Amino acid sequence: MSATEIVFYGIAFVMIGGGLGVVLARNIVHSALALILALGAVAGIYVILTVEFLALTQLVVYGGAVIMLVLFALMLTRARERPQALFGKNRPIAFTIAAGLLAAFVAGIVASEWATANPDDIEPVPFQEIGDVLFSAWAVPFEVISVVLVIAMAGAILLSQPDQGEQ
Amino acid sequence: MYWLDHAWIIPAIPACAFIALFVLGNRIPRGGDWLSITAIASGFVLFFFVLEAHLDSIQAGLGGLSNVGFNWLQFEGFTLRIGFTVDSIALVMLGVVTLVALLVQIYSVAYMRHHGKPEPRYWWYFAVHSLFVAAMLALVLADNLLFLYIAWEGVGLCSFLLIGFYYEKRSAVEAAKKAFVTTRLGDVGLLIGIILLWRATGSFQISDIIAAAQAGRTNDLAPVMSDGYLILATLMVFLGAMGKSAQFPFHVWLPDAMEGPTPVSALIHAATMVVAGVYLVARLLPLFDATPGALQVVTAVGLTTALLAGVLALVQTDIKRVLAYSTVSQLGFMFVALGAGAVGVAIFHLLTHAVFKALLFLGSGSVIHMTEEQDARRLGGLWWRMPITTLTFAIGALALAGIPPLAGFFSKDEIFVVVNAYQSDVVLILMGLAAFLSALYMARLVIITFLGSPKDLAMIRRAREAPLLMVGPLLILAVLTLLVGFFAFDQVGRALGFPGGINNYVYFPLPETFHFDDTIAAATGVASLAGIGAAFWLFWGRAERAQRLAAFAPPVTVLVQNKFYMDDLYQAAIDRLVLPAGRAVAVFDRVVVNDTGINGPADFTRYGASWMRYHVTGRIPDYALFMVLGIAAAGALGFLVRL
Amino acid sequence: MPPLEHVLVVSAILFSIGVYGVLTRRNAVNILMSVELMLNAVSINMVAFAIYGRVAFDNTFTGIIFAFFIVVVAAAEVALALGIVVRLFRNRATANVDEVNLLKW
């Protein structure tokens, strides 16, 4: 077991712990903080998989923007001031489904023959090559996704505006 | 040669005019009559360009034919082509349609007004007129049967719309319906015939079909169609021609079609649309010629119609209905000419008939417009109040009667010559009888409408000569009636730049010269004069002799006055056969199709939904749960399939 | 480096946790967080396939690009969804999805 692998399992452990925190925490703000932990761990896994570029994007977009938005939404909905049941009534069936899904995934992963390289032969992915590909072969989808972003922004602004006659 | 390949522009202009009128309607100043007239006038001018290019091409030895077009729809083994062909037959029709349409539209400007005020739906009248002209010209120029059929239905639609123009009147609505349904009987035959020919030859092109029909009959190629198949297909096509041209037993719709405005009767139901059947047969004559027995059927139908309609015209009192029966009768003459295989003769009679029958209808229109009376029994003595109308009407009537040297004399004489040459003497004698009848009924119409003493003083006080816009077209047509017959002579044709007279210009399969036959000309002239004399003898004054003749054989009189009970026969067939069958189909439709087939699933859905909707909570967690369950199930299924 | 299967299993665990969260949580914001977990699990999968299959499948970056696009779409989605939640709270005075039953006929 190499050092990389040890670090990977550590990060995976942190990530799963964060995820459990998101879905199980009694306080929603704690959920949000656990989400930061989980998403940061995902960035760590990207680093292990040698895609530092994605790790940085992950940290900036999720750790910065998305978490900020989530916290603001929590503040605006004053969720903390209203003590109440945090879980719906579907818990047993939801647990069954989630466990079943996990079992199916693991069974599928184990049963499949993966045509992959030897893990030790993998080379790091250079930043520059990703950039080249992104702005040549994927230029049009890139432009489209920026349009999507703009539309989403406009939609969000529209949604948060007060109704006619509303103060 | 440019215009030879661009004849399609002529129908395109009125089509554009129609679209403009349809979209803008009454918002165009003056209801858009000027737009429609300009469109058709430009078509008339362009006709001369096309004619000149055509004659140049003949002179240069290129045959004067043109065929342009494009494929509109293309499927496996099926092509809908919009193609235009120009040849001598098409050019004659082109000239007739554009000229008569132009004159009739100018005439309509005055006719469709009362005391200077346009009638309601004035714009719609001109819009449909434009559409009609476009469809008729497309029909004339079509180079394949499918496109021809589309145009064919287009003119039928316009006919329907214009017969029912005064749709406040119940009789007009009934007449429009009758015309549409009756011609529909023939049109279904035409469509079946086209499909049969297409099935055998794989083409809608007229030239391909004719070549396929001739294969193995007039040449040594392997035959494409068996005799029985060809006979069936050709007779189906002829059924369409019979319906459109109001041939026995489909003649019943045309007299009723007189419910439309009179200029419409002149244009559509005398000069152009009703001759579409003649035109179709003329264009497909090689097909009919190759089909065993087809020409005999054409002759028999034409002869029956010519005689029958001639008899019926004698007892009609409505001036327009007399003219309608006379149209039917003259169309029968054309079919007899076609049955003898003489395209040039049939087209010549078509040309002259279009001119003098349009003249007669427009003349009767001016009587109707000025006196607001169309029952000949209450007219009479109009000649001194409406001299120009009377004179032009008389010229048209004499032309129709076949008095030399008017147009009808030459064309009718030609028909007798070819009948004499190619048919038996019985046909010739019966045709002579029909010619006698046409002289008789036309003279009778003139006598009881214009001559004699007035029968209604209030009417005669109302009567004035028609305004210039109406009299002008009458005079133009009268002059043409005097002149157009001379087109039969080769010398006249050559002087005008044609390769000869009409028989030398329009022909199949070999050019013929005008064969004037002294004996026949004398015989027909005598027959016409005898008809006119008999009319004067019978109908002059109070028509006592005619009444005595009617009283001589009452059963015959009753039979003729009831139009040989043809209408009652149709009515009985509709009542006894069509309506019960329709009721049976309606029951089937209501019970099986509607109640079970359509309402059944709808009821099932409604009752199912009224039960299901209590299980729809509207809560997101439930939806999310079922969504995940569904995705998991789909994934599991995929997993199982893969294993 | 860890074997591919291990990475996949870790992402599958994260995904299942997200599913559980989406199905059980009442607060709309919390459900969104769970959705983010699921999206990230998918992204990890994409990247893992891209990295481990890079040699075998002719040096393609498609998986990485996809992960990148997922991040962007997720950002857009969060912006809109949170706007909806705020709106919902303003109109209904609750952010709990099971107290709202608008999604029906």
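1. Let's start with how chain B folds back on itself. Of the contacts in chain B with a separation of 6 or more, 78% are between residues 24 or more positions apart. Two residues are in contact if their C-beta atoms, placed from the backbone, lie within 7 Å. In chain C, the share for residues 24 or more positions apart is 48% of the contacts with a separation of 6 or more.

2. A word on the source: this is a predicted model, in which local features need pLDDT of at least 70, side-chain atom pairs count only at pLDDT 80 or more, and totals for chains, interfaces and linings use all residues. Residues are numbered from 1 along each chain as its sequence is written, while chains are lettered from A and ligands numbered from 1 in the order in which they are written.

3. How confident is the predictor? The model has an ipTM of 0.89 and a pTM of 0.67. For chain C, the average pLDDT is 86, and 93% of the residues score at least 70; pLDDT is the predictor's confidence in each residue, from 0 to 100.

4. Next, the secondary structure. Chain B has 27 helices and 4 strands, whereas chain C has 3 helices and 0 strands, in the order α-α-α along the sequence. Helices (H or I, at least four residues) and strands (E, at least two) are DSSP runs, numbered from the N terminus.

5. Now look at burial. In chain B, 51% of the 643 residues are buried; in chain C, 60% of the 105 residues are. A residue is buried if 20 or more other C-beta atoms lie within 10 Å of its own, with C-beta atoms placed from the backbone.

6. Of the 16 residues in α17(B), 13 are buried.

7. Strands β1 (residues 66-75) and β2 (residues 78-86) run antiparallel and are joined by 9 bridges; strands pair if DSSP finds at least two bridges between them. B:Q74 has B:T79 in β2(B) as its bridge partner. Between the strands are 2 residues, and B:G77 in this hairpin takes a positive phi near 70°.

How values were computed:
Buried ≥ 20, exposed ≤ 12 C-beta atoms within 10 Å, placed from the backbone.
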